[in-house]
Amino acid sequence: MAGKEKGIITVRVYRCNPLAGTPGRYDTYRIESHDPITVLMVLRYIFKNLDPTLAFRDYECYQGVCMSCQMMVKGKRVRACSTMVEPGEEFTVEPLPGHPLIKDLVVSL
Amino acid sequence: MPATIYETDILIIGAGAAGAAAAIEAGQAGVRVLVVAKGPMGKTGITPLGFTGYTAVTGLDPEDSAELHFRDTVVAGRYLSDQNLVEVMTAGGGDSARRLLQYGVKFQEENGALLLRQAPGMSRPRMLRIPAGGKHLIEVLKKEVASYPNVQLMPDLAVSDLLQSGRRVVGALSLDMKTGQLLAIHARATILATGGKGQLWPYTDCPPESTGDGLFLAYGAGAELVDLEQELFYPTVVIYPEHVRGLEISYETFLQPGAKILNRHGEDIAPVGDVLPTRDQLANLIFREIKEGRASERGGVWIDLRAAPPSLKENVRTFLPAYKRLKHFGIEITEETLEVAPGAHTSLGGLRIDPDTRTSLAGLFAAGETTGSVHGANRLAGQAWLACITFGFRAGKSAALFVKENEAHPPDLNHVRMAEEELRAFLTRKNGRFRPYQVLQQIKSLMWEYIGCIRNAAMMKKGLVRLEAMREEVEADLKVDPTAGFNWEWAQALQVRSLLAVAEMLTRAALFREESRGTHFREDFPEQDDINWLAHTMIRKEGKQMMVSKIPVVLHRMHP
């Protein structure tokens with residue numbers, strides 16, 4: 001589609017802090033990458049370079065088995081550590097439904 | 001707002017195999033128990049990642065015995081293990097395995113009997129296999145813990161300090177990650193089951209929370225820590241690509257004739273011979289390539305199985321634990337090279353305990369990877385979990401007994417208030433230059449450059465100077481995002497605090513031990529020196545100083 005940029009991954013991330021009582025919103029971030037990377041790596045990039053307030057579980061079992069990085073990516077329930085996205089992609093990330101929301105992408109597990 | 005107070009009888013910090021085992025025993029004793037973990041229960045720490053081995057003398061092999069197991073363990077540990085602890089662990093192995101079976105752990109069977117495997121250093125096959133791995137083990141334990149209504153669980157809680165009344169440990173100050181609020185836990189007995197410190201190093205198969213918190217906490221309270229220089233590196237841990245970095249590639253499976261390990265010049269450095277090298281042997285071999293400038297651009301070496309015989313390739317595809325994960329990302333290890341380096345795998349040193357898991361501080365117990373002197377200078381496969389389960393159960397039991405025999409002591413309130421203020425100040429410094437994740441990277445680079453697998457005095461002394469400078473920088477210049485609520489930067493800031501202290505402890509211990517023994521290798525003292533160094537290095541805080549000294553090893557049953 002027109003508008004897809006080389007070397008850029010665009011992600012809309014659900015942001016919500018229930019403690020602050022404010023409604024949820026979506027923040028859009030642009031990640032520089034020329035290679036495919038995992039969604040977990042996308043979130044780390046955001047945390048390090050763009051927005052230190054982004055809350056996500058930065059745990060890693062290295063094997064895709066612990067399930068602590070589960071979230072909704074492109075509307076599907078996936079493990080962020082095991083899901084690759086391509087440069088030029090635009091997609092949405094949301095917390096797992098059905099679990100109490102702690103903040104942004106962090107839910108009670 | 002001052003911290004909320006939570007009262008309980010036993011506080012268990014850490015919910016991996018050791019913490020869960022302790023919770024089961026404490027639960028059975030009928031006292032009030034609170035188990036806390038830095039993340040979700042059953043999805044935090046290294047237990048869910050553990051592969052499959054559980055080594056114990058079950059009585060199924062008539063030619064095996066607790067005596068033999070004891071001997072193998074002490075020899076593997078280069079006589080640095082406390083033999084009282086090894087005795088307890090090896091004598092009780094079969095019982096602990098039976099208990100796990102009873103709770104529902106599925107061990108691998110062959111022809112209707114439990115399968116026993118033999119790994120390097122074992123004189124008989126005695127390693128049981130849990131095919132569904134650590135994930136299954138922790139799920140079973142978690143279910144068992146949940147059956148006790150007197151055991152409360154609090155996930156997403158990071159302990160920042162131990163609370164004391166005099167020297168006695170009476171609980172902990174913690175950060176509730178869910179809310180960003182502080183919680184002061186008052187407990188008659190505290191069990192540390194916080195795992196290891198693999199995150200000190202740039203390459204590790206230990207998860208992000210392996211930051212030696214228990215060591216930092218106990219050190220701050222004045223406890224004794226032993227043999228911190230002993231860190232087992234797994235020789236072949238993936239370093240690239242990023243999405244599989246940290247994955248352990250089992251050399252026990254792939255390192256057969258036809259497999260190559262290539263350095264930057266394309267030379268095959270894989271050892272030849274009938275006997276597989278031990279982990280430390282292979283780790284040191286690869287580390288030497290790296291240190292002597294023959295590593296890849298990224299600082300590793302390549303596993304190359306492209307020219308391996310079809311039978312080896314088939315073996316790898318069937319039995320290599322990492323195969324499926326690599327394949328998920330389209331990496332076919334039998335047809336392409338894979339970049340690896342030695343990664344920190346297990347901490348062998350830690351808190352000093354007696355066979356009842358008591359530390360040198362009243363009210364403080366410890367079990368699992370956070371303790372020292374069980375495995376000595378090297379450990380056998382399948383014995384990490386054996387130690388966690390054995391001493392986890394014992395810690396729960398001992399702590400419950402302590403509770404029944406001791407009154408509650410409130411913590412020194414002035415100290416609590418000061419600890420709270422310091423913690424809040426630490427977590428809300430907006431104006432520095434370095435964020436915690438940057439300091440973490442710096443610590444890792446420092447450790448790999450100055451300490452690593454092959455050590456010498458000159459480099460370690462430089463490392464200490466750099467660490468000291470880093471600590472001052474962090475004091476002055478750490479920048480932490482102050483947003484309240486679930487704040488990952490706060491979790492990382494606490495990790496930085498732990499790792500800086502632990503880095504210094506490890507380095508001082510490594511400098512102090514002037515010999516090579518097991519996983520501690522010094523090129524300036526390459527021989528094992530049983531005359532001067534058959535002893536533990538011991539670290540303890542005295543006033544503001546970090547003191548290092550030598551203490552004797554318990555050797556009542558076997559001498560070298």
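Leaving out residues up to four places away in sequence, B:Y54 is in contact (heavy atoms within 4.5 Å) with B:S96, B:A97, B:L100, B:F107, B:R126, B:M127, B:L128, B:G382, B:W385, B:L386 and B:I389. The model is predicted, and local features need pLDDT of at least 70, while side-chain atom pairs count only at pLDDT 80 or more and totals for chains, interfaces and linings use all residues. Residues are numbered from 1 along each chain as its sequence is written, chains are lettered from A in the order in which they are written, and side-chain values use heavy atoms, without hydrogens and water.

B:Y54 is also one of the residues that touch the most other members of the largest nonpolar core, together with B:I10, B:L141, B:I249 and B:F254. Such a core is a set of buried Ala, Val, Leu, Ile, Met, Phe, Trp, Tyr and Cys residues joined through side-chain atoms within 4.5 Å, where buried means under 20% relative accessible area (1.4 Å probe, protein chains only). This core has 203 residues; helix α15 (residues 488-512) of chain B supplies its largest share, 16 residues. A separate second core of 10 residues includes B:F70, B:A377, B:L534 and B:L555.

Four strands of chain B form an open sheet in the order β16-β11-β20-β21, with antiparallel pairing; strands pair if DSSP finds at least two bridges between them, and helices (H or I, at least four residues) and strands (E, at least two) are DSSP runs numbered from the N terminus. β16 (350-351) and β21 (545-552) of chain B each have a single partner strand, so one side of each lacks a neighbour in the sheet. B:V226 has B:G350 in β16(B) as its bridge partner.

Note on methods
Buried < 20%, exposed > 50% of the residue type's maximum accessible area, 1.4 Å probe, protein only.
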